[in-house]
Amino acid sequence: MQIRKAEFKCSSERISQVPKDDLRDIAFIGRSNVGKSSLINMLTGRKGLAKVSGTPGKTRLINHFRIDDAWYLVDLPGYGYARTSKSQRDEFSKIITDYVLRCEKLHMLFVLVDSRLEPQKIDLRFIGMLGEHGIPFGIIFTKCDKLSAAQLRRNVERYSQTLAEQWEELPPMLLSSSSNGRGREEILDCIGECLAEC
Ligand SMILES: Nc1nc2c(ncn2[C@@H]2O[C@H](COP(=O)(O)OP(=O)(O)OP(=O)(O)O)[C@@H](O)[C@H]2O)c(=O)[nH]1
Ligand SMILES: [Mg+2]
């Protein structure tokens, strides 16, 4: 799939403010600083479309980007940033859980994980919550430019093994680098397939 047109639509503080049309959302979530906003810029080929920062917690709202007048890419705030998670009970902020569990526009959620790290408990808890609620999701490994091919293979394998302890069927798993464009075609094709499903 190709992206021809990408435009910022709106930022929402709560799900009652998201666009009211019937275009579907493909959303990115993950720990603060994992590279959600960077990936949106890489996929759309528009460097400054989503705000990127080296400081975690940059994206605070639900940001809708309208793609080819046909669907939305959605940039969500990160989780796991110390200042926003007071206790385990509310480690995922209300804006995130409301959107992910209640927003009917959400068609597919990609959980972004840092390819350099072993499976992080907070990501596994988040993925567990998706499973409990039957939310369709895939996993995108970010910052793959920072690892050797062998390290990357090892880390992805370890992730698959960890998920296989809980899941009979593994979700789609894709590799990416916003620095060198790796994974662009595969991710867009995966999104295209998701959108082709009703
Ligand atoms: N080397 C490398 N750096 C990356 C990649 N993706 C993101 N970064 C860097 O990681 C930092 C965080 O990127 P963001 O895209 O702002 O991360 P985010 O997940 O949107 O962060 P929050 O909005 O704070 O939750 C920035 O300094 C990016 O330049 C990547 O694929 N490779
Ligand atoms: Mg961001």
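**An enclosed helix, a ligand shell and a nonpolar core**

Nine of the nine residues of helix α1 are buried, so α1 is largely enclosed by the rest of the structure; buried here requires 20 or more other C-beta atoms within 10 Å of a residue's own, exposed 12 or fewer, and partly exposed a count in between, with C-beta atoms placed from the backbone. This is a predicted model, in which local features need pLDDT of at least 70 and side-chain atom pairs count only at pLDDT 80 or more, while totals for chains, interfaces and linings use all residues. Residues are numbered from 1 along each chain as its sequence is written, and chains are lettered from A and ligands numbered from 1 in the order in which they are written.

Helix α1 (residues 36–44) also gives the most to the shell around ligand 1, with three residues; helices (H or I, at least four residues) and strands (E, at least two) are DSSP runs numbered from the N terminus. Of the 23 residues around ligand 1, those that come nearest are Gly35, Ser37, Ser38, Thr59 and Gly78, and Ser37 and Ser38 are among the buried residues of α1. Just after α1, Gly45 takes a positive phi of about 70°.

The largest nonpolar core has 40 residues, and Phe28, Val111 and Leu112 have the most contacts inside it; such a core is a set of buried Ala, Val, Leu, Ile, Met, Phe, Trp, Tyr and Cys residues joined through C-beta atoms within 7 Å. Strand β5 (residues 106–114) gives the most to this core, with seven residues.

Cys10 is found in strand β1 (residues 6–12) and is partly exposed, with 14 other C-beta atoms within 10 Å.

Methods:
Near = placed C-beta within 6 Å.
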